[in-house]
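Here is a note for a colleague who is opening this entry for the first time. Please keep the structure in view while reading the points in order.

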Amino acid sequence: MAAVFYHHVVGDLTVGKPEIAELSDADTLDDAARAIAGSPEGAVPVWRARAAPDDPPSGIRFLGMISAVDIAAFLAGAGAGDRAMRAAVGEVVQPNQDLLREVDPGTRLIDALELMRNGVKRFLVRKNGSWTGITKRFSMLYNGKWMKNSESGSPSSAGSSSMQLSPFISCAERFCCLSREDILRFLIGCLGALAPIPLSPICTLGAINPHYCHVEASAPAMEAIQKIPGDPCGVAVVETTPDGVRKIIGDISAYKLWKCDYVAAAWALANLSAGQFVIGADENGSTPISAFPLPSISSSLSEEAAEPGRSPRLLKKFSSRNIGFLNSQANQVRSMYRGRSSPLMCRSTSSLAAVMAQMLSHRATHVWVTDAEAEEDDVLVGVVGYTDIFAAVTRSSA
């Protein structure tokens with residue numbers, strides 16, 4: 001096992017992390033949308049209301065996580081447009097306390113990776129205090145710079161799974177949340193210590209998950225939403241050829257809906273097919289909103305526009321830009337299902353480091369894997385997510 005997993009602890013990753021800002025189950029979906037826009041993975045933890053104003057966050061009060069997909073799907077089902085954004089978060093979030101674990105800052109990185117491999121998505125870590133009892137020559141700041149540690153433990157303690165924590169000195173407990181994105185960012189900074197694993201193809205590391213979730217492009221977009229798994233939180237939109245080969249044309253996921261216009265996304269989910277949803281309408285206006293039937297959500301939007309004292313909402317054509325789908329190759333000529341919402345893909349022969357860099361640069365939770373031996377570049381063979389990467393680096397370095 002790479003020594004970096006034993007020489008670093010969770011507290012090393014909390015330096016510079018902001019104090020947690022709680023989203024209560026009594027807050028509105030508007031509050032949740034703003035919190036998601038500033039959070040990794042397109043999702044935020046939800047907490048039960050405090051019993052007292054100074055009650056600190058804890059695993060006991062953690063309720064679950066709400067994602068961009070949850071909000072868009074709720075609006076599509078409620079059919080109430082902007083009014084549904086005033087609903088309480090507690091009405092939408094799916095309770096699951098296994099997604100967050102409260103850990104000591106002295107927890108070894110190898111133990112933290114094992115927890116995340118088993119489904120934990122967030123760590124709740126105390127920020128005020130100190131810890132001793134483990135060999136760590138350096139501590140890494142959150143912005144990527146290195147800082148000499150003031151003290152080092154004895155080398156004999158490096159292989160110990162338990163740590164002696166020094167008494168915490170605090171007048172008010174402060175906590176921060178560590179996400180899987182934070183762990184991945186740390187691993188990117190330690191590529192040399194992990195060599196030669198990062199330069200190895202993902203197909204040889206066993207990092208490709210062939211059991212991905214998919215839906216046909218002709219299926220309703222709401223069907224795709226209902227099939228999205230918990231991890232990775234995304235479903236591939238595919239076209240299946242007569243010989244059974246699946247070609248990916250897009251995906252519907254939490255990170256794709258990150259910072260989106262939820263009302264526009266909800267209308268699209270309720271009215272469009274999965275293929276139409278991932279590309280939006282043509283930017284030149286060849287697919288206006290009137291080309292599709294307008295059921296519940298669009299009707300309610302019209303009703304809201306007619307309410308006294310409310311500014312009228314113009315029903316404009318739906319596009320991928322309306323719901324936050326962006327792509328740097330916007331000027332490239334595209335086929336029917338291509339455009340700014342093209343999925344994040346890699347080849348089965350891509351290196352693990354390249355896939356990690358893709359995920360960080362796009363703040364994505366997964367990368368779709370295509371067949372490197374196929375003549376076309378969109379033949380889907382699997383997906384790589386956080387758990388697959390964490391499993392590869394720990395298994396391969398053992």
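1. A residue is called buried here under 20% relative accessible area, exposed over 50% and partly exposed in between, with a 1.4 Å probe and protein chains only. Helices (H or I, at least four residues) and strands (E, at least two) are DSSP runs, numbered from the N terminus. The model is predicted, so that local features need pLDDT of at least 70 and side-chain atom pairs count only at pLDDT 80 or more, while totals for chains, interfaces and linings use all residues. Residues are numbered from 1 along each chain as its sequence is written, and side-chain values use heavy atoms, with hydrogens and water left out.

2. In helix α12, which spans residues 352-362, the buried residues include L352, A353, V355, M356, M359 and L360. These residues lie on the same side of α12, because they cover an arc of only 165 degrees around the axis, the arc being that of the directions from the helix axis to the C-beta atoms. Just after α12, R363 takes a positive phi of about 50 degrees.

3. Helix α2 (residues 29-37) and helix α3 (residues 68-78) have axes that come within 10 Å and cross at roughly 145 degrees; axes are lines fitted to C-alpha atoms, for helices over the stretch in contact, and angles run from 0 to 180 degrees between N-to-C directions. On the α2 side L29, A32, A33 and I36 meet A68, I71 and F74 of α3, where contact means heavy atoms within 4.5 Å. The residues of this contact divide into 7 nonpolar, no polar and no charged, with Ala, Val, Leu, Ile, Met, Phe, Trp, Tyr, Cys and Pro counted as nonpolar, Asp, Glu, Lys and Arg as charged, and the others, Gly among them, as polar.

4. An open sheet of 3 strands runs in the order β9-β10-β11 with mixed pairing, two strands being paired if DSSP finds at least two bridges between them. Since β9 (214-216) and β11 (246-253) stand at the edges, each with a single partner strand, one side of each is left without a neighbour in the sheet. The twist averages 35 degrees from one strand to the next. Strand β10 (residues 234-240) pairs with β11 in the antiparallel sense over 7 bridges, and V235 has I252 in β11 as its bridge partner.

5. Where is V103 placed? V103 belongs to strand β4 (residues 100-103) and is buried, with a relative accessible area of 10%. Not counting residues up to four places away in sequence, V103 touches V10, L115, F123, L124, V125 and R126.
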